[in-house]
Amino acid sequence: MTDQPAITVDGHAIPLLGFGTWNLTPEVARTMVAEALRIGYRHIDTAWIYRNEAAVGDGIRDAIAAGHVDRDDIWLTTKIWVAHFDREGLLAQARESAASLGFTPDLLLLHWPKRAPTFAETLGALNEAKDQGLTRTIGLSNFPSAGFLEAQALSPAKLVTNQVEYHPWLKLSKLIETARALGSSITAWSPLAQGAVADDPTLTEIGKPHGKTPGQVTLRWLIQQNVIAIPRTSKVSRAEENFDIFDFRLSEEEMDRIHAVARPDGRLGDWID
């Protein structure tokens, strides 16, 4: 890995700033993954349900061929879709995802909580995928605190992250505390509230003396909490802007002001908690 900020979980250094590929077509995903790695990102996130795993793998190979990065410097995440949570289905999709990517993923997540089949069967299969060398580490996505605790109790291997919606309009203190208690981490999807943070007056005001945009302030706020952020964009200029957050630091007072922006109607996606 590079020397950019990372959180170490179970002995693995996970870069705190990643590049997300949700809703990117294969053509755009390939281009943007290669560009992101050229810019300096070293963490790439995809999922089977995004239908772009092969393109993500192509983008990684393009960046490697161009001399921008080595495979060992990249943290690559993908996810098991809920239709594949039975043992055979999960192992089959894990093999399919690795083949589509052309790389063994560093992290394999359960994409959403699902009660059937049982957590025991699904977590057992996820551990089996790890034991078979289909991923280096395993984790969760969109699990509330109770489910996070239950899943870890059923998993022999450490669940190294729980990827959930998180941005300044949401209060996530309970889930962050759960992750810390488990020796795990939180990864924020839609960290920029799908671009809406650009219009937030508090974030704009905080950014001015730093010479930073509301989006850059938001990403800095996340990584200063040791929360992994995976912003997604189809524009190279925006990817460059999102990466330009390592030359300033928010004060505790600024961090608190951003936490205070949270509101009851701030959630964008579905949530079972």
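The lining of the largest cavity is made up of 4 nonpolar, 5 polar and 1 charged residues (Ala, Val, Leu, Ile, Met, Phe, Trp, Tyr, Cys and Pro count as nonpolar, Asp, Glu, Lys and Arg as charged, and the others, Gly among them, as polar). Please keep in mind that this is a predicted model, where local features need pLDDT of at least 70 and side-chain atom pairs count only at pLDDT 80 or more, while totals for chains, interfaces and linings use all residues. Residues are numbered from 1 along each chain as its sequence is written, and side-chain values use heavy atoms, with hydrogens and water left out.

**The cavity**

- Searching the whole structure turns up 1 cavity of 30 Å³ or more (on a 1 Å grid over the protein atoms alone, a set of points where a 1.4 Å probe fits but cannot get out; lining residues have an atom within 4 Å of a point).
- The largest cavity holds about 30 Å³ of space (the volume filled by probe spheres set on the points, which are joined across faces, edges and corners).
- Its lining consists of Ile14, His43, Asp45, Thr77, Leu107, Thr161, Gln163, Thr187, Ile228 and Ile230.
- Strand 4 (43–45) and strand 8 (159–165) are the elements that each give two or more residues to this lining (strands are DSSP runs of E, at least two residues, and helices runs of H or I, at least four, numbered from the N terminus).

- The largest pocket has a volume of about 760 Å³ (a pocket is an open set with protein on both sides within 12 Å along at least five of seven lines).
- Its lining has 35 residues, of which Trp22, Ser190, Pro191, Gln194 and Arg232 are the closest to the centre.
- By class, the pocket lining divides into 13 nonpolar, 15 polar and 7 charged residues.

**Helix 4 and helix 5**

- The axes of helix 4 (residues 119–131) and helix 5 (residues 145–154) come within 9 Å and cross at roughly 60 degrees (axes are lines fitted to C-alpha atoms over the stretch in contact, and angles run from 0 to 180 degrees between N-to-C directions).
- Phe119, Ala120 and Leu123 of helix 4 make the contact with Gly147, Glu150, Ala151 and Leu154 of helix 5 (heavy atoms within 4.5 Å).
- This contact has 5 nonpolar, 1 polar and 1 charged residues.

**Helix 2 and helix 3**

- Helix 2 (residues 53–65) packs against helix 3 (residues 87–101) at about 40 degrees, with the axes 7 Å apart.
- From helix 2, Glu53, Ala54, Val56, Gly57 and Arg61 meet Ser97, Ser100 and Leu101 of helix 3.
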